[in-house]
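Hello,

Here is the structure you asked about. Please open it first, then read my notes below.

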2 protein chains.
Amino acid sequence: MSPTSRIRLVDVAAAANVSKQTVSRVVTGSADVAEHTREHVLAVIARLGYRPSASARTLCHGRSYTLAVVGLDFGFLSTELYQGAAQQAQALGYSLLLKTLAKPDTTSVEQLLLGLTDMHIDGVLWAIPDAYDRCDWINSNLLARINIPVVFLSTAPRAGIVTVSFDNLDGARLAMQHLISLGRRRIAHISGPLAWWVARERVRAWRLALQEAGLEAPESYLAEGDWTPVSGERAMAQLLDRSLDFDAVFVSNDRMALGALLTAHRRGLRIPQDVAVIGFDNILESASFYPPLTTVSQNKRQHGELAAATLIRNVAARFGGAANASSPLPALTHSLIARESTAPIPPSGA
Amino acid sequence: MSPTSRIRLVDVAAAANVSKQTVSRVVTGSADVAEHTREHVLAVIARLGYRPSASARTLCHGRSYTLAVVGLDFGFLSTELYQGAAQQAQALGYSLLLKTLAKPDTTSVEQLLLGLTDMHIDGVLWAIPDAYDRCDWINSNLLARINIPVVFLSTAPRAGIVTVSFDNLDGARLAMQHLISLGRRRIAHISGPLAWWVARERVRAWRLALQEAGLEAPESYLAEGDWTPVSGERAMAQLLDRSLDFDAVFVSNDRMALGALLTAHRRGLRIPQDVAVIGFDNILESASFYPPLTTVSQNKRQHGELAAATLIRNVAARFGGAANASSPLPALTHSLIARESTAPIPPSGA
DNA sequence: AATAGAATTGTTCCCGGGAACGGTTTGTTA
DNA sequence: TAACAAACCGTTCCCGGGAACAATTCTATT
């Protein structure tokens with residue numbers, strides 16, 4: 001296509017009869033360049049269609065204006081989170097690299113992170129959920145060695161790391177208070193895998209809310225799922241098999257709630273009359289469940305945006321960037337979406 | 001941390017008492033290096049912890065071993081597709097950049113693609129669905145100008161572009177044949193937005209299958225949705241309001257099928273006895289719909305993998321890479337997942 | 001022992017930009 | 001009018017690697 005490959009800074013300089021440094025100054029907008037020189041150079045740039053090479057810049061600045069999100073190879077990460085992070089990064093002049101990890105043991109993590117430093121990645125968004133031993137590597141000296149800002153998503157806070165998470169305790173409490181305010185007293189809980197930090201937080205909120213309301217939270221009212229709809233079916237079946245006579249279930253995510261609904265229908269239970277069901281996440285589908293699901297909304301897109309914005313601040317700080325009176329970043333908040341799967345206790349004998 | 005920033009090729013060369021070119025040869029594995037020299041250099045590399053700089057390589061090779069996926073800023077793209085593409089890219093030694101586009105008009109597309117050439121991106125995965133005027137830019141000379149291999153996902157085939165898609169005609173026919181084989185004769189269709197190529201393909205398959213079976217496909221049996229669950233609710237309501245007396249619905253995706261089920265329940269229809277419902281996609285949730293949804297499975301992950309693999313072949317070819325007797329890539333195939341939302345026509349008068 | 005030829009290893013230059021620093025102008029102050 | 005500071009522009013060198021080409025071995029023949 002193009003006659004002789006790519007147009008370089010020097011080509012522009014030659015065509016404009018100035019030194020390449022002057023062209024560089026015009027391009028980067030640094031230092032002073034006489035107005036007429038500027039315009040002339042700009043014109044030549046436009047005429048030649050010159051575009052600066054990002055990799056050359058990366059080479060001499062030691063920074064790439066690129067971030068990496070690291071997620072599990074298989075897993076539940078929502079597209080919205082990726083989209084939010086990507087959009088925010090782009091808006092702030094960064095690109096986003098997508099990395100997946102099959103098995104997050106310390107060795108693989110080390111390989112991955114070293115690879116990222118090879119590419120002069122400026123920062124990392126760690127989107128692998130805090131569960132099992134997936135965060136063990138934090139205790140190694142890896143973080144210090146790679147010397148790149150990392151922001152952890154939905155990870156238990158600990159010293160020395162930056163996390164960006166929803167306050168699940170708060171969100172789950174919202175769900176519980178809703179059920180309690182409807183007059184429900186015997187509230188069961190279908191949790192995510194207890195190896196997950198977020199699942200444990202929600203369980204904790206379930207216990208706390210019941211306790212604060214002077215209600216019981218017996219272990220038999222708790223069933224553990226694995227976030228999938230079928231696990232929700234199973235968990236609901238377990239609860240019912242215990243013949244506990246509960247009048248509400250707080251389910252730790254909408255997907256499992258879907259399964260719980262199916263089991264309830266199959267057992268002839270009426271939702272919400274016999275059992276009120278509340279979910280968590282507010283996925284797109286939940287509005288059309290049968291019946292439409294009451295749930296707590298978590299804006300995943302916003303989560304991604306906030307994480308990216310936070311990371312970029314850290315990156316900028318690291319490169320001595322201006323501490324430009326950064327306005328505080330917004331917090332992530334939940335909201336209750338009341339639909340038909342919850343309702344007040346019907347008058348007894350109904 | 002590190003005493004004096006990063007260790008370079010020359011540092012290794014100095015420490016090993018060889019020229020940097022020798023070190024380079026060892027690192028890249030190119031040409032012949034005497035065995036003992038190799039081992040010595042390798043040892044020094046390990047001792048110093050040397051790691052080649054990706055950006056320096058990009059600079060001198062003019063290729064970055066990085067691909068970009070371009071998707072819509074908001075949209076329906078599934079995580080699995082991204083994961084599949086990312087995983088496959090990594091397996092073949094490439095990285096994947098995630099780009100989103102808010103409004104895919106020709107100008108934005110041009111900006112985006114030029115930005116990608118600035119970074120020496122090797123290839124592009126175009127994951128913006130073929131709908132409305134989003135593909136108009138292909139007709140400009142942009143593709144030729146940027147001179148980067150592009151693979152289009154789920155886009156209508158046309159001269160001069162490479163596409164990787166499921167054969168929706170085939171998949172939809174699978175659904176239709178299933179319904180017909182169950183004795184269903186009056187089959188309605190809830191389509192995606194007709195501006196979408198994939199939606200039109202499925203409509204076409206609906207018509208063709210009915211025609212081949214000697215059945216009618218009147219326009220009144222067609223309702224258009226927008227892929228969302230609520231649009232499925234509305235579309236089902238429209239169909240029912242026409243009092244058409246259909247005995248099955250083929251819904252163009254599982255999400256809308258969920259909505260269709262909800263409307264059916266609300267109107268007192270029994271699924272599958274009164275109306276059989278079949279979906280498309282086989283999302284994780286559909287196994288726990290009420291009732292569990294019969295559907296046609298599309299493996300999105302595999303779609304991402306195949307797209308990435310295809311793109312990488314084109315990239316390799318473009319860089320004069322070995323035409324290494326490339327084994328043919330697998331095709332994308334659908335499969336029918338029979339569940340409870342479809343069943344044979346019950347004996348009349350049931 | 002001389003010499004072609006293969007196997008190794010070294011030198012130079014370039015990839016595309018930009019920081020550091022040096023040299024001119026031009027205008028201002030004493 | 002000399003002295004001096006801005007404002008503007010140019011030269012040199014470095015970022016980290018690798019291709020092209022040159023130079024030096026070593027080996028096998030005649």
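A:Gln21 reaches a base of DNA strand C: an N or O atom in its side chain is 2.9 Å from a base nitrogen. This is a predicted model, so please read every value below as computed.

In A:Tyr50, a polar side-chain atom lies 2.9 Å from a phosphate oxygen of DNA strand C. B:Thr22 has a side-chain N or O atom 2.9 Å from a phosphate oxygen of DNA strand C. Both protein chains supply elements here: α2 (20-28) and α4 (54-61) of chain A, and α2 and α4 (54-61) of chain B, each give two or more residues to the surface near DNA strand C. The top contributor is α4(A), with five residues.

How many residues surround DNA strand C? There are 27, and the closest are A:Arg8, A:Leu9, A:Lys20, A:Arg57 and B:Thr37. Of the atoms of DNA strand C within 4 Å of the protein, 58% are sugar and phosphate. By class, the surface near DNA strand C has eleven nonpolar, nine polar and seven charged residues.

Now strand D.

DNA strand D is surrounded by 27 residues. The closest are A:Thr37, B:Arg8, B:Leu9, B:Ser53 and B:Arg57. Sugar or phosphate holds 58% of the atoms of DNA strand D within 4 Å of the protein, and bases hold the rest.

- A:Thr37 uses a polar side-chain atom, 2.6 Å from a phosphate oxygen of DNA strand D.
- B:Leu9 uses a polar backbone atom, 2.6 Å from a phosphate oxygen of DNA strand D.
- B:Ser53 also uses a polar backbone atom, 2.7 Å from a phosphate oxygen of DNA strand D.

Which elements give two or more residues to the surface near DNA strand D? They are α2 and α4 of chain A, with α2 and α4 of chain B. Here α4(B) has the largest share, five residues. The surface near DNA strand D divides into eleven nonpolar, nine polar and seven charged residues.

Next, the helix packing.

In chain B, α1 (residues 9-16) packs on α2 (residues 20-28) at an angle of about 110 degrees, and the axes are 8 Å apart. The two helices, α1(B) and α2(B), are therefore roughly perpendicular. On the α1(B) side, the contact uses B:Leu9, B:Val10, B:Val12 and B:Ala13. On the α2(B) side, it uses B:Lys20, B:Val23, B:Ser24 and B:Val27. Six of the residues in this contact of α1(B) with α2(B) are nonpolar, one is polar and one is charged.

In chain A, look at α2(A) and α3 (residues 35-48). Their axes come within 10 Å and cross at roughly 85 degrees. So α2(A) and α3(A) are also roughly perpendicular to each other. A:Thr22, A:Val23, A:Val26 and A:Val27 of α2(A) meet A:Thr37, A:Arg38, A:Val41, A:Leu42 and A:Ile45 of α3(A). The contact of α2(A) with α3(A) has six nonpolar, two polar and one charged residues.

On to aromatic rings.

The count is 18 aromatic pairs over all chains. Take A:Tyr65 and A:Tyr94: the ring centres are 5.2 Å apart and the planes are at 50 degrees, so this pair is tilted. What does the pair tie together? A:Tyr65 is in the loop between α4 and β1 (66-72) of chain A, and A:Tyr94 is in the loop between α5 (79-91) and β2 (95-101), so the pair links parts that are 29 residues apart in sequence.

Last, some backbone details.

Most residues other than glycine have a negative phi, and most peptide bonds are trans. A:Asn17 is not a glycine, yet its phi is positive, about 60 degrees. A:Asn17 sits in the loop between α1 (9-16) and α2 of chain A.

A cis peptide bond joins A:Ile271 to A:Pro272, with omega about 5 degrees. A:Pro272 is in the loop between α11 (254-266) and β9 (276-278) of chain A. In chain B, B:Ile271 and B:Pro272 are joined by a cis peptide bond, with omega about 5 degrees. The loop between α11 (254-266) and β9 (276-278) of chain B holds B:Pro272.

Best wishes

Technical notes. Residues are numbered from 1 along each chain as its sequence is written. Chains are lettered from A and ligands numbered from 1 in the order in which they are written. This is a predicted model: local features need pLDDT of at least 70, side-chain atom pairs count only at pLDDT 80 or more; totals for chains, interfaces and linings use all residues. Side-chain values use heavy atoms; hydrogens and water are left out. Axes are lines fitted to C-alpha atoms, for helices over the stretch in contact, and angles run from 0 to 180 degrees between N-to-C directions. Helices (H or I, at least four residues) and strands (E, at least two) are DSSP runs, numbered from the N terminus. Angles under 35 degrees count as roughly parallel, over 145 as roughly antiparallel, 65 to 115 as roughly perpendicular and the rest as oblique. Contact means heavy atoms within 4.5 Å. Ala, Val, Leu, Ile, Met, Phe, Trp, Tyr, Cys and Pro count as nonpolar, Asp, Glu, Lys and Arg as charged, and the others, Gly among them, as polar. A residue is near a molecule or strand if one of its heavy atoms lies within 4 Å of it. A polar contact is a pair of N or O atoms within 3.5 Å; within protein, one must be able to donate a hydrogen and the other to accept it, and residues adjacent in sequence count only if both atoms are side-chain atoms. Rings of Phe, Tyr and Trp (its six-membered ring) pair if their centres lie within 6.5 Å; planes under 30 degrees apart count as stacked, over 60 as edge-to-face and the rest as tilted.
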